[in-house]
2 protein chains.
Amino acid sequence: MTHTLNPADARFAETLRAALPDGTVSDASASYLEEPRGVYRGKAAVLAKPRSTQEVATLIRMAAEARVGVIPYGGGTGLVGAQVDPDGPPPLILSLERMTAIRAIYPDENVLVVEAGAILEDVQRAAEEADRLFPLSLAAQGSARIGGNLGTNAGGTGVLRYGNTRDLCLGLEAVLPDGQILNGLTRLRKNNTGYDLRHLLIGAEGTLGVITAATLKLFARPAQTGTALLVVDSPSAAIKLLSMARKHFGEMVSAFELIHRQGYDFLTETMPEIRQPFALAPEWSVLIELGLAADMDPQVGLAALFEEAAEAGLVHDGLIAQSSAQSADFWNIRESIPEGNRRVGSICSHDISVPLSAIPEFIEKAGAQIALIGDFRINCFGHVGDGNLHYNVFPHIGHSRDEYADQREALKNCVHDLTDALGGSISAEHGIGRMKVADLEKYGDPAKLSAMRAIKAALDPLGIMNPGAVLRR
Amino acid sequence: MTHTLNPADARFAETLRAALPDGTVSDASASYLEEPRGVYRGKAAVLAKPRSTQEVATLIRMAAEARVGVIPYGGGTGLVGAQVDPDGPPPLILSLERMTAIRAIYPDENVLVVEAGAILEDVQRAAEEADRLFPLSLAAQGSARIGGNLGTNAGGTGVLRYGNTRDLCLGLEAVLPDGQILNGLTRLRKNNTGYDLRHLLIGAEGTLGVITAATLKLFARPAQTGTALLVVDSPSAAIKLLSMARKHFGEMVSAFELIHRQGYDFLTETMPEIRQPFALAPEWSVLIELGLAADMDPQVGLAALFEEAAEAGLVHDGLIAQSSAQSADFWNIRESIPEGNRRVGSICSHDISVPLSAIPEFIEKAGAQIALIGDFRINCFGHVGDGNLHYNVFPHIGHSRDEYADQREALKNCVHDLTDALGGSISAEHGIGRMKVADLEKYGDPAKLSAMRAIKAALDPLGIMNPGAVLRR
């Protein structure tokens, strides 16, 4: 599907200025043309910062009339380049940053209504002030905006218990590519009245419309927490331990993170100031976090879990945090691993997921196949409870990542081919953006791709919405 | 959008027979042309019972070539007439009843893969045999098929804790209206690779394709249960009690059902053999069910909840089941209420939902407005934790429902208008089918309807899939 789009030029900007309040339209400053990985760079573009859904609708209608591409812009923190167009004619960047209101909060309903431009951390705080939890939690939460989290169906550390962003959304308000406003801010838990457009817009990365507001689910805040760092015999034992933990604590297992010895070793190598609990770093360990209701005792429960798991031969050592300071120490290790990785410098990194029971096979085969390519260090860690691994490949000590630039493609193909063969996903939580369009074409189901193209053509016949993202322009 | 479809006549049946194994194609017997409410009756039709997804694809391709309408058929238990076409040319009824295999079960992943024709109760049993829970639970589970549950996004009694059917599905296999097979049977918890077609097909009631298999989520089976029947001061107190219960038990509140005095009175009137726990039926009461992990004590927890709620003035009487027999007695009351209703004979019934905090206002206003229409008895009960009320209107003692036939429309409009005004849904769990097409047009968001029509036209340009359901033909 090829669409001839026009550039967002000075004349187009003038037309917009005439229709919108002063200060809404300007030239886009450099920060709107960059993305965190530094892979893509946008061309000079027109920036609009609407204050209301009506203004968003006006902008979309005018872009449609002028056949100008529109990039919905949240916090700009995405990792696959959905927020920057380096290829097409200069687009209209539509930033939601002025639409940040918490429109309403209903604690007894566990519901919050928020505009798309609100920063994730502000949404978390608003929930907390109402003695509730909004469980979406990720590294960029201080600058990521909820509209972007919805557009990309963001993951993060709360998925095991609370689901992905789409699972936290009851309803959406959005502007469709023809400028119509979709009024779908329902607070209902049950509503079977026609096709679920909410889930179609979530994860569409701005290619089917602009999300302007959302109704979000809140939860009771856990009354108490418990943390344990347990040494497991293997990734397979880790998966069985998760099953066992769920027997003890039901849905209240909040996190279940796998750590490999390489992670501890990188910390020793690059951040020796970090306190490590084990004299000898274990080959495989898991960090378990519980968020319990008032009527449970985390210490007693974790001790019982350890005992049962030890008897079953799944764990052979471990620590149960005896204080919040010790719990923070455990988490500090897990949260410092990405920084340790950065200091060592990976050759390539992958955001993959596989079915839970395929994790042992994935880890074994990926290691063996990469060893055939060359001699590398591998740090494999992450949200193992979700089947989501960060699988990062590093040079040996004394070598630099730059020496391996010509092996990067082979390494990526090795990891992605194996992921695909095991029924996995080559983008577990980051999305497709512009970076993985070719991967989606390579690994995606043909019927799915053809239906996606038909839907895109039906809802956005002019092809103005985030051109080139997700689907080839 | 009007499509000229051809009848599934003898010649069409012959063409199908030539392409498919013996015994696949026959005339549809009467049971395939009826539906439980007796409102719609289908015309003589051709019936196909494919044994594989490939055969489903062949049938759909041939129907598309011949421009014959196709009705995907599950257990035939739907309550809004999606499974019967009384208006168009005789269709091809595509029954999934021979595709009933549990293809695989992965207890450590909490995943089960099943063909669409499997009966819900068989899916529950397969999970149980693997020491897991598949929590979808509804009255028709002995004959409803999982494909129909997915097609209609069925609700039931497990929604409060586990979500609607869509929340229980990780992936789908389906045949699209052009005969392409969508291979989406992923077992992944995280997968951000393009538009979510799964959620588009779920709840589309067979109008966008035929679901042939699904990957479903399983859960740990609760280690122990607790049941209480508490007398609350008002519907508003019930909502606050639910918040309080979640503080005590987190996500482990499995059911929270509202019962009105009218329900008890109807049981006294029509089923005096049912043991009632209260000497004097309370105006409002709630049935609470807990499904706890191993490390909690339901008796202690419910007692603590009662004490706290009594102090806060929310409850003033109540019973905590001391045995499984007593728990069964409490549930027997709740589960007999629909039968009591049937014996009294309602003038009209409604499957509505409103935001949780609007429930008190809904109940008050609906009662007042209905009193202006006439003198009726109202039994309002149901899944109050989901905001889903069964709101049924009855004649006074000594009168029959037939005397009020001419007031039915006014009563329905009164309930639906109020529901809509409070941000509610006129179909909480049953869907649109053919019965509520006009209601969807009346109460639905115009932008949503126009996007739905565009998607339907894009994926099913010939209009062969379940013509006349959800959207007008």
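Trainee: Which side chains does the 2.8 Å polar contact join?
Mentor: The side chains of B:Thr227 and B:Ser327. Keep in mind that this is a predicted model.

Trainee: Where is B:Thr227 placed in chain B?
Mentor: In strand 12 of chain B, which covers residues 224-232.

Trainee: Is B:Thr227 buried or exposed?
Mentor: Its relative accessibility is 2%, so B:Thr227 counts as buried; the cut-off for buried is under 20%.

Trainee: What is B:Thr227 in contact with, beyond its neighbours within four places in sequence?
Mentor: Its contacts include B:Leu287, B:Ile288, B:Leu302, B:Phe330 and B:Trp331. B:Ser327 is in that list too.

Trainee: New topic. How many residues are in the largest nonpolar core?
Mentor: That core has 145 residues. A:Leu92, A:Phe134, B:Leu92 and B:Phe134 have the most contacts inside it. Another core, of 106 residues, lies apart from it, and A:Phe249 and B:Ala228 are among its members.

Trainee: And what does B:Phe134 touch, leaving aside neighbours within four places in sequence?
Mentor: Among its contacts are B:Leu120, B:Val123, B:Ile146, B:Leu168 and B:Leu216. B:Gln124 and B:Lys217 are also in contact with B:Phe134.

Trainee: How many aromatic pairs are there over all chains?
Mentor: Twelve. One of them is A:Tyr264 with A:Phe278, an edge-to-face pair at 6.3 Å centre to centre, with 85° between the planes. The pair links distant parts of the chain: A:Tyr264 is in helix 8 of chain A, and A:Phe278 is in the loop between helix 8 and strand 14, 14 residues apart.

Trainee: Are A:Tyr264 and A:Phe278 buried or exposed?
Mentor: Both A:Tyr264 and A:Phe278 are buried.

Trainee: Last one. What lies over the face of A:Tyr106?
Mentor: A:Arg187, at 3.7 Å from the ring centre. In chain B, the charged end of B:Arg187 sits over the ring of B:Tyr106, 3.7 Å from its centre.

Key. Residues numbered from 1 in each chain as written. Chains lettered and ligands numbered in written order. Predicted model: local features only at pLDDT ≥ 70, side-chain atom pairs only at ≥ 80, totals over all residues. Heavy atoms only, no water. Core = buried A, V, L, I, M, F, W, Y, C linked by side-chain atoms within 4.5 Å. Buried < 20%, exposed > 50% of the residue type's maximum accessible area, 1.4 Å probe, protein only. Contact = heavy atoms within 4.5 Å. Helix = DSSP H or I, 4+ residues; strand = E, 2+ residues; numbered from the N terminus. Polar contact = N/O pair within 3.5 Å; in protein donor to acceptor, adjacent residues only side chain to side chain. Phe/Tyr/Trp six-rings, centres within 6.5 Å; stacked < 30°, edge-to-face > 60°. Lys NZ or Arg CZ within 6 Å of the ring centre and 35° of its normal.
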